[in-house]
Amino acid sequence: MNPNSPPALFSPERALALGRQTLAIEAAAVDALKSRINGEFSAAVELILNSPGRVIVSGMGKSGHVARKIAATMASTGTPAYFVHPGEASHGDLGMITRHDILLALSNSGESEELLRIVPAVKRQGARLISMTGAPASTLAREADIHLDAGVAQEACPLNLAPTASTTAALALGDALAVALLDARGFSPEDFARSHPGGSLGRRLLTHVRDVMRPGERVPAVAPVTAIGDAIVAMSRGGLGLVAVTDDAGRAIGIFTDGDLRRAFENRIDLQQGCIADVMRPAPHTIAPDRLAVEAVEMMERLRINGLLVCQENGQLVGALNMHDLFTAKVI
């Protein structure tokens with residue numbers, strides 16, 4: 001077909017039918033893989049888990065694109081992995097592979113010339129080979145220590161030519177392998193966050209209260225005998241919407257907030273008389289500086305409050321934070 005020739009007559013109905021057919025074929029291809037999650041699959045997981053090296057994932061063409069994604073998924077979920085182009089491997093990059101590594105080779109036909117060319121050298125170095133193909137009787141499948149069958153009944157392409165269902169199946173099988181490895185390693189959300197420090201999950205799971213709180217010297221704090229009016233002035237200057245009430249040792253024994261002030265007005269409390277101890281909330285809710293910032297968010301939402309005092313285990317006031325601080329830090 002000449003790309004500059006006029007397009008064929010477009011049919012919305014035909015486009016919708018093909019779109020739905022593509023999804024149905026690819027869904028069926030992935031579903032069929034479930035029966036092939038067998039001993040070979042668990043053997044592949046065990047081999048990778050016990051390997052002191054890395055997983056080198058390789059493939060040509062569309063399989064190469066899938067291989068890159070599988071390597072990236074493994075690397076971000078606790079399994080050291082990277083992609084090596086099989087063509088470049090034949091021209092020097094084979095030196096990246098050591099005898100401790102495992103080569104995960106992807107080829108739908110199992111006859112990719114570029115992959116088959118490097119297999120003898122890889123095996124000669126002592127590295128192990130896991131193949132993922134759509135042809136269990138192929139050369140690559142036979143040469144492998146472990147073979148993962150990613151075969152499909154048909155491509156979603158109407159011509160049954162363009163890699164569509166086969167690449168989807170290989171990608172899904174790679175994800176299954178990565179997830180099984182993740183679970184076997186005891187990989188946690190915190191581990192995931194450490195691999196993604198720039199993402200929202202990283203911020204949520206790696207940010208601690210001490211990282212976002214206002215330090216003690218910036219927290220308005222008064223003694224219990226302080227006049228109510230003076231405590232309100234301190235709260236206003238602090239810009240936190242609260243004032244902490246501390247004892248002589250610097251321990252938080254109470255709190256007075258903007259909300260408490262509004263309620264005092266509603267209840268017609270005489271704010272010109274008495275000391276802050278008369279209107280403060282004793283035994284305030286606090287959080288430790290080494291807790292995760294997301295825990296502060298959860299506590300404030302659960303208690304329906306906008307600020308928290310940050311205290312050491314002995315009650316010593318070391319800081320405070322409010323919802324605005326958490327928004328600024330992009331924890332929320």
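This is a predicted model: local features need pLDDT of at least 70, side-chain atom pairs count only at pLDDT 80 or more; totals for chains, interfaces and linings use all residues.
1. Two strands are said to pair if DSSP finds at least two bridges between them.

2. Leu-309 stands opposite Ala-320 in S13. The strands concerned are S12, covering residues 307-311, and S13, covering residues 317-322; they pair in the antiparallel sense over five bridges.

3. These strands belong to an open sheet of four strands, ordered S6-S13-S12-S11, in which the pairing is mixed. The edges are formed by strand S6 (214-215) and strand S11 (286-287); each has a single partner strand, so one side of each is left without a neighbour in the sheet. Helix H13, residues 293-303, packs on this sheet and touches S11, S12 and S13. The direction of H13 makes about 130° with that of S12.

4. Another open sheet of four strands has the order S7-S8-S9-S10, and its pairing is also mixed. Which strands stand at the edges here? They are S7 (221-222) and S10 (281-282), and because each has a single partner strand, one side of each lacks a neighbour in the sheet.

5. Within this sheet, strand S9 (residues 252-257) pairs with S10 in the antiparallel sense, over two bridges. Ile-255 has Arg-281, in S10, as its bridge partner.

6. Helix H11 (residues 228-238) packs on the sheet that contains S9, touching S7, strand S8 (242-246) and S9. The direction of H11 makes about 125° with that of S8. Helix H12 (residues 258-266) lies across S9 and S10 and runs at about 65° to S9.

How values were computed. Residues are numbered from 1 along each chain as its sequence is written. Side-chain values use heavy atoms; hydrogens and water are left out. Contact means heavy atoms within 4.5 Å. Axes are lines fitted to C-alpha atoms, for helices over the stretch in contact, and angles run from 0 to 180 degrees between N-to-C directions.
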